[in-house]
Amino acid sequence: MVDPDAPTGGPDERRARQTELYGAPVAELTATIGERLGLDLGGIARVIGVSVPMLTAVRDAHRVRIGNPVATARLEMLRDFAGHLASGAADPVEIPVTLAQIAAASGPLPHSGVTAVASGPRHASGSGSSSGDGAGESSANGTVGGTLTVETLRAARERVARHVPRTPTRRWPLLEQATGTETWVKHENHTPTGAFKVRGGLTFVARQLAATPDLPGLVSASRGNHSQSLAFAGRAHGVPVTIVVPEGNSPDKNAATEALGAELVVHGRDFQEAVEHARVVALERGLVMVPSFHPWLVEGVATYAAELHEDVAALDTVYVPVGMGSGICANIAVRDLLGRSTEIVGVVAERAPAYALSFEAGRPVPTDEADTFVDGVACREPHLDAVARIVAGAARIVRVSEEQAAAAMALMYRATHNLAEPAGSLALAGLLAERDRVAGRRVAVVHTGGNADFDVLTRALTG
């Protein structure tokens with residue numbers, strides 16, 4: 001069996017060619033993948049979708065490459081995931097869900113990571129336009145902005161629409177008096193759980209069930225909206241859900257999560273310690289660990305960004321809060337898929353600056369603390385792939401103070417009579433901080449959620 005594209009010099013030259021194509025000979029890749037992911041050659045062949053004889057021929061350098069581009073993309077995703085495991089950027093408990101994701105991928109996908117780092121162009125800070133030609137153009141296979149395609153977005157919208165009515169996008173005259181420019185509010189506080197994350201939860205659970213019909217249950221960590229998202233989706237699909245929350249978490253959000261049928265486990269001083277304990281629970285109980293950032297979550301969240309651009313043409317700037325990154329990455333992916341020049345601006349609390357620091361450094365920069373009342377963005381360990389997407393596609397990250405966030409909560413309530421949780425007000429706080437910079441532009445802010453405890457709201461309104 002000879003590959004017609006192979007060099008004529010024999011196996012050594014074929015291995016050299018494989019190194020050019022894949023970064024290493026396929027024999028070395030399959031050995032590394034097998035060791036780190038616990039797969040034999042047959043298991044690797046099943047995940048990437050080729051026969052064992054075909055993969056054996058490539059491994060043994062009888063052929064240079066696999067002829068199927070989808071299988072090739074899946075092999076490269078396995079390679080990248082193995083590298084993430086080795087570096088600590090991925091956790092072993094993520095292996096089952098990631099293997100299912102790779103096996104279901106219809107690629108070929110971008111080669112920068114298992115979770116498909118955004119392939120869209122980086123947008124120059126403050127320019128609102130792409131830094132190169134071809135902004136928003138799809139590749140030959142239709143992939144734009146990571147895993148998001150016309151087909152995957154359409155499927156996500158169908159899944160989400162069964163449970164979540166389209167949320168409104170509105171202008172409010174009193175709000176525009178404060179912002180000084182045309183301002184649209186995307187009201188994700190009007191979903192069944194009061195926050196945008198329900199879209200990601202529904203998509204993740206549906207996708208996971210399609211990959212593993214005998215799903216034993218899910219576990220994740222959350223401060224509130226992610227937990228309600230998974231609890232809602234788990235109830236809708238008949239999947240048990242366990243949520244780990246840190247000590248001192250919002251009692252209202254805890255109660256809402258349990259009311260939706262999830263088991264609540266309290267552990268850790270902050271979100272990161274809750275995440276680490278959730279991984280332990282996953283291993284002990286044999287549950288699938290749901291990360292706070294994942295392409296399927298981004299895919300679901302992208303449905304609101306698609307609605308926003310359908311409702312409002314030619315947006316100049318969209319402000320979006322940044323917690324673990326699904327919201328901003330979804331907005332970037334949809335912007336690129338539609339070929340728009342809209343600048344996407346992330347907003348963080350200055351006392352939880354990990355994503356701002358990471359954007360500035362071009363790599364994940366963790367912090368020791370994330371001590372902010374804006375609990376929805378209290379992250380101190382940024383996700384590697386989220387950072388890559390944000391660096392590639394965001395215009396900038398704005399930091400706002402506790403006082404600015406509280407003032408934006410009060411303004412949102414007084415000007416629109418919509419309750420904003422602290423994170424739900426963050427986009428507005430970012431716009432107000434940049435009022436002069438965006439004067440005269442058509443701007444949108446994403447009101448990501450309205451799940452505020454009464455005492456938090458009272459403090460914000462009374463100042």
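Biologist: Which residues does Glu 299 touch, not counting residues up to four places away in sequence?

Modeller: Glu 299 touches Leu 148, Thr 152, Ala 156, Arg 159, Thr 203 and Arg 207. Contact here means heavy atoms within 4.5 Å. This is a predicted model, where local features need pLDDT of at least 70 and side-chain atom pairs count only at pLDDT 80 or more, while totals for chains, interfaces and linings use all residues. Residues are numbered from 1 along each chain as its sequence is written, and side-chain values use heavy atoms, with hydrogens and water left out.

Biologist: Where does Glu 299 lie?

Modeller: In helix H13, residues 295-311. Helices (H or I, at least four residues) and strands (E, at least two) are DSSP runs, numbered from the N terminus.

Biologist: Is Glu 299 buried or exposed?

Modeller: Glu 299 counts as buried because its relative accessibility is 2%. Buried means under 20% relative accessible area, exposed means over 50%, and partly exposed is in between (1.4 Å probe, protein chains only).

Biologist: How much of the protein counts as buried?

Modeller: Of its 463 residues, 61% do. The protein has 19 helices and 10 strands.

Biologist: What is the mean pLDDT?

Modeller: The mean is 85, and 88% of the residues reach 70 or more. pLDDT is the predictor's confidence in each residue, from 0 to 100.

Biologist: Where does pLDDT stay under 50?

Modeller: One stretch is residues 1-6, with 12 contacts beyond four places in sequence. Another is residues 106-146, for which the model has 106 such contacts.

Biologist: New topic: Ser 222. Where is its place?

Modeller: In the loop between E3 and H10. Ser 222 is buried because its relative accessibility is 3%.

Biologist: What is Ser 222 in contact with, leaving aside neighbours within four places in sequence?

Modeller: Its partners are Ser 227, Ile 243, Val 244, Val 245, Pro 246, Asn 249 and Phe 271. As for distance, the C-alpha atoms of Ser 222 and Ala 278 are separated by 9.7 Å. Those two residues are 56 apart along the chain.

Biologist: On to H19. Which of its residues are buried?

Modeller: H19 covers residues 454-462, and Val 456, Leu 457 and Ala 460 are buried. These three sit on the same side of H19 because they cover an arc of only 95 degrees around the axis. The arc is that of the directions from the helix axis to the C-beta atoms.

Biologist: What is on the other side of H19?

Modeller: Phe 454 and Thr 462 are there, and they are exposed.

Biologist: Which helix do the buried residues of H19 pack against?

Modeller: Helix H17, residues 402-416.

Biologist: What counts as a pocket, though?

Modeller: Work on a 1 Å grid over the protein atoms alone. A cavity is a set of points where a 1.4 Å probe fits but cannot get out. A pocket is an open set with protein on both sides within 12 Å along at least five of seven lines. Lining residues have an atom within 4 Å of a point. Grid points are joined across faces, edges and corners, and a volume is the space filled by probe spheres set on the points.

Biologist: How many cavities of 30 Å³ or more come out by that rule?

Modeller: Three. The largest cavity holds about 360 Å³. Of its 26 lining residues, Lys 197, Gly 323, Met 324, Gly 376 and Val 377 are the closest to its centre. H14 (326-338) and H10 (225-237) each supply at least two lining residues. The largest share, three residues, is from H14.

Biologist: How does the lining of the largest cavity divide by class?

Modeller: It has 10 nonpolar, 11 polar and five charged residues. Ala, Val, Leu, Ile, Met, Phe, Trp, Tyr, Cys and Pro count as nonpolar, Asp, Glu, Lys and Arg as charged, and the others, Gly among them, as polar.

Biologist: And the lining of the largest pocket?

Modeller: That one has 13 nonpolar, five polar and four charged residues.
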